[in-house]
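Here's a quick tour of a two-chain model for anyone just getting started with protein structures. Keep the 3D view open and follow along.

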Amino acid sequence: MKSNAMIDRYRWYEMVGIYAGIALFLTFVLAPFVEGFLVSLKPLTYLFSSPYKFWPQNASFDAYFTMWERVPLLGRYIFNSILISTIGTLIGVILITPAAYAFARFDFRGRGPLLGAFLAVNMFSGAVLLIPLYRLMRSFGLLNTYFAMIVPGVAFVIPTGIWLLRTYMLRIPQELEEAALADGASRFYTFRRVILPLAMPGISVVAIYSFLTIYAQQFIYALTFNSKTEYMPLPVGLYAFFGRQDVIWNELMAASFLGVLPVFVVFIYLQRYLVAGMTAGALKT
Amino acid sequence: MGQLNFSNIHKRFGAAEIIKGIDLEVEKGEFVVFVGPSGCGKSTLLRMLAGLEEVTKGDIVIDGVKVNELPPVKRGIAMVFQSYALYPHMTVFENIAFPLRVERTKEEELKEKVHAAARILQLDQRLEQKPGQLSGGQRQRVAIGRAIVREPKIFLFDEPLSNLDAALRAEMRIELTKLHKRLKATMIYVTHDQVEAMTMADRIVVLNSGEIAQNGAPLELYHKPENLFVAGFIGNPKMNFLPVTCKGAGRDGVKVEYDGRTITVPVAPRQGIEGSKLTLGIRPEHIHLGQGDLDIPVAPTVIERLGANTVVYAVLPGGDTENYCALIPGSAPVRTDETMETGVFAKDCHLFDEDGAAFERRVEMKEVDPELLVATG
């Protein structure tokens with residue numbers, strides 16, 4: 001489809017440049033996935049064939065079946081991963097939404113410094129704070145529970161989540177709330193009936209962001225705060241494929257792909273909200 | 001006591017005093033327009049009345065009850081916002097029903113009321129649509145519908161027509177006037193557009209930097225402005241102000257001199273004004289080609305031909321921009337840079353003292369219905 005807007009017109013060499021740039025970028029991003037997928041198709045014996053062959057010989061999906069036998073808890077790991085991320089996302093959204101509204105609308109003492117502090121927190125990764133977190137978890141008696149992985153995950157998505165959603169809520173015209181107030185609605189009623197529905201795209205963005213972040217971060221918390229095998233999420237569970245002598249690479253890759261799948265599905269399903277939520281202009285009333 | 005009373009209302013935002021002591025009485029069923037330039041405090045006054053802004057000092061009384069601390073809904077007011085403030089995710093029906101839902105009105109009664117409001121506003125066919133699918137005028141009507149269903153004692157309008165184009169604005173003015181007739185409710189209307197004020201109001205309150213400059217019927221403001229501000233604000237194009245010197249005062253008025261010529265303006269004289277600097281006010285529509293009681297020869301710099309009227313702009317001696325404007329009916333035989341004679345009759349002139357306060361005009365306005373010069377309740 002040809003766009004008619006003048007601003008979208010490019011000369012042929014500009015188009016070539018644009019596509020070349022995209023291709024280069026995509027190669028870097030996608031190459032590991034392609035390689036990982038190809039490895040998962042190769043029988044283990046062919047993996048270290050010399051010279052190395054990029055395209056698999058005797059390709060098969062066997063690894064996707066045998067992995068369940070080699071690591072019987074694999075299903076449990078995948079379930080744990082999703083469980084931790086889902087519960088973390090729910091808690092995150094429930095905490096972030098009212099907080100973001102408060103930061104967007106109420107003028108209270110210390111609002112600016114608090115928002116600044118949230119940004120500052122983002123500069124630390126969870127890994128830097130592992131030892132204090134460990135002590136915290138121990139004093140609360142949360143070690144070796146699901147909550148040991150959920151709580152820090154949620155804690156680290158809250159600041160960014162509040163920033164994201166606050167910005168979105170600032171774009172909802174204040175007159176809508178004043179109109180509701182003038183019509184006799186309480187603040188909470190207005191929040192529920194007016195703000196929440198209008199902020200839905202923003203809330204979706206926060207939910208997706210939280211899910212992806214917690215999913216990706218759970219590895220480090222699981223490794224440190226949890227020693228119970230049956231609570232382990234997939235990234236830690238993948239260590240089961242590291243045998244005493246060799247690593248079952250093809251099954252490891254297959255399991256990884258299976259683990260990426262839920263995130264992939266969530267992303268495909270919600271990405272239109274993500275784009276819409278991040279780029280939406282002022283709400284037209 | 002009217003239905004609505006403001007007494008000594010003050011509003012302060014930090015150090016800035018926005019409203020500086022307003023006293024006003026509004027009768028039941030009146031259509032009162034607050035008008036003034038931006039920043040004069042008219043919207044703030046309305047928002048205080050609505051209960052969206054706190055009153056710093058003074059009392060707002062509705063039907064004998066002081067409402068300063070009451071939430072909007074308990075004041076018996078409904079407000080229509082400049083941006084309409086429609087809920088984009090709800091249908092027209094739900095938008096209009098919103099105040100009733102808040103009150104937990106029974107479903108049947110709610111439907112009945114919403115449909116009744118929709119009929120009045122000709123929105124029957126649009127009830128299932130979302131605000132985004134409506135035109136500006138329709139959105140405006142939905143906003144009014146949301147105000148109507150609550151059956152408030154007082155309607156508040158905050159510049160409701162400013163987002164519409166000129167044609168639609170004229171149409172909505174007529175609709176609002178008809179609506180006021182039909183509902184017989186008190187309406188307080190804020191605008192910066194003097195045409196809206198003149199056409200719809202029973203009474204106009206002109207505000208200037210937080211104070212009432214004048215309060216009266218539209219034609220009263222037009223014919224007898226009390227000060228320079230109101231004289232300049234009401235009327236389009238703006239009134240011309242000429243610096244004059246007082247040459248004496250007698251029974252038939254005040255004699256003033258402009259550029260070597262004198263004119264006796266029929267206004268109530270005052271003691272000891274001889275020799276003082278006064279301001280002569282002449283509305284552009286009262287200037288005609290040819291001779292008058294005062295002749296002012298000018299060379300037009302810009303001429304706007306509107307067909308029905310010709311607007312002539314000129315620079316008077318001593319001025320640096322266009323400070324003289326004449327509105328001449330029809331297509332006047334005038335050309336830029338060619339000196340023309342303009343004249344004005346003494347009975348059409350306004351006179352203001354050094355502080356900007358008007359001398360009371362002593363003219364019979366035979367062509368004006370005397371009732372229109374008094375604000376009716």
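## Starting in strand 12 of chain B

Let's begin with one pair of residues: V254(B), in strand 12 of chain B, is the bridge partner of A249(B). Keep in mind that this is a predicted model.

**The open sheet in chain B**

- Strand 11 of chain B covers residues 240-250 and strand 12 covers residues 253-258; they run antiparallel and are joined by five bridges.
- Those two belong to an open sheet of five strands in chain B, ordered 13-12-11-14-21, with antiparallel pairing.
- Who sits at the edges? Strand 13 (261-265) and strand 21 (350-352) of chain B do, and because each has a single partner strand, one side of each has no neighbour in the sheet.
- Going from one strand to the next, the twist averages 40°.

**A close look at C246(B)**

- C246(B) is part of strand 11 of chain B.
- Is C246(B) buried or exposed? It counts as buried because it has 20 C-beta neighbours inside 10 Å.
- Leaving out residues up to four places away in sequence, C246(B) touches V254(B), V256(B), I273(B), E274(B), G275(B), S276(B) and L278(B).
- E341(B) is 95 residues away from C246(B) along the chain, and 24 Å separate their C-alpha atoms.

**The nonpolar core**

- The largest nonpolar core has 165 residues, and the members that touch the most others are L165(A), V33(B), L156(B), I188(B) and L351(B).
- Which element gives the most to this core? That's helix 9 of chain A (residues 187-225), with 16 residues.
- L351(B) has contacts beyond its neighbours within four places in sequence, including V254(B), V256(B), V265(B), V267(B) and L278(B).
- Others on the contact list of L351(B) include L280(B), G281(B), A358(B) and F359(B).

- Five of the five residues in strand 3 of chain B are buried, leaving the strand mostly covered.
- In a regular strand, side chains alternate between the two faces of the sheet.
- In strand 3 of chain B, F31(B), V33(B) and V35(B) point one way while V32(B) and F34(B) point the other way, and all are buried.
- Strand 3 of chain B pairs with strand 8 (residues 186-191) of chain B in the parallel sense, over five bridges. Here F31(B) is opposite M187(B).
- Strand 3 (residues 31-35) of chain B also pairs with strand 9 of chain B, again in the parallel sense, over four bridges.
- For that pairing, V32(B) has R203(B) as its bridge partner, and V33(B) stands opposite I204(B).

- Why is strand 9 (residues 203-208) of chain B described as largely enclosed by the rest of the structure? Because five of its six residues are buried.
- Strand 9 of chain B also runs antiparallel to strand 10 (residues 211-216) of chain B, and five bridges join them. I204(B) stands opposite G216(B) in strand 10.
- The hairpin of strand 9 and strand 10 of chain B has two residues between the strands, and S209(B) in this hairpin takes a positive phi near 35°.

**Domains within each chain**

- Chain B splits into domain 1 (4-226) and domain 2 (237-363). Taken over C-alpha atoms, the centres of these domains of chain B are 38 Å apart.
- Chain A splits into domain 1 (6-47) and domain 2 (63-279), and their C-alpha centres are 29 Å apart.
- In chain A, eight residues of domain 1 contact eight residues of domain 2.
- On the side of domain 1 of chain A that touches domain 2, helix 1 (12-41) and helix 2 (44-47) each supply at least two residues. Helix 1 of chain A gives the most, with four residues.
- That side of domain 1 of chain A has five nonpolar, two polar and one charged residues.

**Where the two chains meet**

Notes. Residues are numbered from 1 along each chain as its sequence is written. Chains are lettered from A and ligands numbered from 1 in the order in which they are written. This is a predicted model: local features need pLDDT of at least 70, side-chain atom pairs count only at pLDDT 80 or more; totals for chains, interfaces and linings use all residues. Two strands pair if DSSP finds at least two bridges between them. Axes are lines fitted to C-alpha atoms, for helices over the stretch in contact, and angles run from 0 to 180 degrees between N-to-C directions. Domain bounds come from an automatic or database domain assignment. A residue is buried if 20 or more other C-beta atoms lie within 10 Å of its own, exposed if 12 or fewer, and partly exposed in between; C-beta atoms are placed from the backbone. Two residues are in contact if their C-beta atoms, placed from the backbone, lie within 7 Å. A nonpolar core is a set of buried Ala, Val, Leu, Ile, Met, Phe, Trp, Tyr and Cys residues joined through C-beta atoms within 7 Å. Ala, Val, Leu, Ile, Met, Phe, Trp, Tyr, Cys and Pro count as nonpolar, Asp, Glu, Lys and Arg as charged, and the others, Gly among them, as polar.
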